Amino acid sequence: MKTHAQAVVIGGGLVGCSILYHLAKLGWRDVVLLERDELTSGSTWHAAANIHGLHDNNNITRIQHYTMNLYKELEKETGQGCGVFQAGSLYLAQTEAREHQLRLQEAKARYYGLNFYEIDKDRAKELHPLAQFDDIRCIMYEPDGGNVDPSGVTYAYAAGARAMGATIERFCPVIGTEPQPDGSWIVRTKKGDIHTQWVVNAAGLWGREVAALAGITLPLQPTEHQYFVTEAIPEVAALGRRLPSIADRDGEYYFRQEGNGLLIGAYEKYMKFWAENGTPLDFAHDLFPDDLDRIMENVIRATERVPVAATAGVKRVINGPMIWSPDSSALWGPVPELRNYFVCGGIIPGFSQSGGLGLLAAQWMIEGEPQYDMFAWDLARFGDWADKKFTKARVQDQYTHRFAIHFPNEERSAGRPARVRPAYEMQKEMGAVFGMNCGWEHPLWFADRPGVTETVGFTRQNWWEPVGHEVRMLREQVGVIDISNFANYEIKGPGARDWLDRLVANRVPTVVGRSCLTPLIGVRGGIAGDFTITMTGEDAYMMVGSGMAERYHQRFFNMVDLPAGTTCEVATNRIAGYNVAGPKARDMLQRLTNADLSNEAFPFMRSATIEVAGVTCLAIRVSFTGDLGWELHCAEADQVRLYTALVAATRDIGGGPVGSRALGSLRIEKGYGSWGREYSPEYWPQEVGLERLIKADKEFLNKAAWLKTKDNPVREVLSVFEIEAAHGADASGGEPIFTPDGRPVGRVTSGAYGYSVGKSLAIGYANPAVAKPGDVLEVFLLGKPHKAVLLAEPPFDPAGARLRG
């Protein structure tokens, strides 16, 4: 067995073999895959292996499309059959909400040039004469949908990898992974040890156990999952062709042909966990006892759709394990706390995603960053707060709602609260409706009357008016926004300024009390983050960034060595914060402090440590609302005391508490971008309007990548759109934008109603070669074209007079 390798992939299932193949394809030929048993052991071999291209996340749609196209190329390349059947897929909508979802996906497919479109019931009946569609509102057809052979695909990846020089060792369990001082690893097996640059944990059902060898815990939990195949059905055999699959997600089942019978699967409400305390090491090509009673309600609905299914006997039942993350998306990426340790686990629709997972994983390891922003899969979205209890609760929710629509702004309650601040109970008593950000509970909006609860949907919901009240209250008076879910970092020591200056692209403040806004540049020259940095003392700084990106940004921080005697501490757990904003913010705060808050003494982008209502706060003159305001950061222990005083003082002058839904509207009125929505490693600084914050006369992380792209013409420009929202819906993100004659323009990244300007607004990207300010365009809300205008400037205070007043 080899003793050295560029990468060792642990796990010989579908995804492990795909990663091995793509590492070799991108140029790393000295790579090894270790499989404890035979290839396909675990979950791969028994999968239903359906393939589809569309996903609610645009980038996942891209990689699923890549994966579907890859299988036939693999067959040609390797000679190994993948068992590709692409008889098409029918997507059914029984409800208005599902129709909205499917029509939006159709619009996205048109934007990306994918094959997915609406057909009528007569055409659907031609394609699938054994099904009935009387109760269906809308039918979409994906001609390339279908299924593949699980083992065939896995062996094709393996054959392709071997042909390029990769090595596969079967029956070779890993018994240890040991980090070395230079960032490399020793992977220990009973056949010998391998010294490798990268470890890739693609161990599937054993992902938790392999992670434990490196001292890490992954939020993963296996469940049982069942489908069955019927005996041959004469009506199916008589057709002489393959039937399209049926995705009836309102009915909560899936349906496709298998031989001359039918395969029916379901995600039932009475789900069952498995291996809660660890996956047995002797489990391989094993299944669980049949338990069809659990899915019988789903099966009855399936047979109502295709009645001949009820006439057939059951030929084979597959009841096997799947392993889930808390949100059912892949748990993927380098572990921020380790060097050169990559995880790829928790994959549910693996045969739709395996190629993209492998390609982007190989890009990340070889090139330093994937081509697409894949934070939706990044394991850094979870932290230690995603413990076993949380994971089980979320997995149960995800499994039992597998086919449920994920509505815009939806906040699922399972497993919560995971992390709360001292003010949580107080805010709850005030009527706060909470969301979760990086585990933290934070107020989304405040119910204005007893009994009002959160509702979800594609159209405006019952929180629309209360949020509007909060926006207008802040714009006209003053509001208090809890920003404790932002990430806080304290950098101290003799090298603090030097380290920050080498990390971020803007020049770091050199005078105590000064602040700056700065981008963080990614490996490909894009926007990896944006921060507010404040000099709080001699050799001391505070940096504030996106809360959900806290763990993600650790990877970049680790790329710049800290000077001797200098520390960078994640201080989020012990610091709470509020944004006090609005035209009366100064007057209100002045009542609670002896500090001079006048514009002359405390101008925009300045800071000071002051006492507010007897609480020591770092006050920073900045506001994400685009209005006059201060951020007040205090010790978490003082949060309730400070909040009580702030809310009471605001109410005395017609203000009050404001939630993050209102903040979203306020920032969109001002045209402010947000990391993870507008700001992304995919976009260059000149495309998002941050190029003015980059100082070319200093060194900073990934400067060479920025220099290669800084003079490139913009591909798309971050823009603000005004939309005619005639159907009572506002954009939320992901909606495609076209010209009236059907040319793709761009897509929405964030949307909201601008209550203080009386307009439905969206922020998104527009191709300047296709559309310019003032042009009339079409934004597809509810999957239907809505007239929109590309604005020349943000509708609220474009000159920034309120912010600096």
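Angles under 35 degrees count as roughly parallel, over 145 as roughly antiparallel, 65 to 115 as roughly perpendicular and the rest as oblique. Welcome to this predicted model, in which local features need pLDDT of at least 70 and side-chain atom pairs count only at pLDDT 80 or more, while totals for chains, interfaces and linings use all residues. Residues are numbered from 1 along each chain as its sequence is written, and side-chain values use heavy atoms, leaving out hydrogens and water.

**A pair of helices**
- Helix H1 (residues 14-25) packs with helix H9 (residues 350-367) at an angle of about 45°, their axes 8 Å apart; helices are DSSP runs of H or I with at least four residues, and strands are runs of E with at least two.
- Axes are lines fitted to C-alpha atoms, for helices over the stretch in contact, and angles run from 0 to 180 degrees between N-to-C directions.
- H1 and H9 are therefore oblique to each other.
- Contact (heavy atoms within 4.5 Å) involves residues including Leu 14, Ile 19 and Leu 23 of H1 and Phe 351, Leu 357 and Met 365 of H9.

**A six-stranded sheet**
- An open sheet with mixed pairing has six strands in the order S28-S29-S30-S27-S21-S31; two strands pair if DSSP finds at least two bridges between them.
- Its edge strands, S28 (607-612) and S31 (656-658), each pair on one side only.
- Neighbouring strands of this sheet are turned by 30° against each other on average, direction ignored.
- Strands S21 (residues 479-482) and S27 (residues 575-581) run antiparallel and are joined by four bridges.
- Opposite Asn 579 in S27 stands Ile 481.

**A helix on the sheet**
- Helix H12 (residues 464-476) packs on the sheet and touches S21, S27 and S31.
- The direction of H12 makes about 120° with that of S31.
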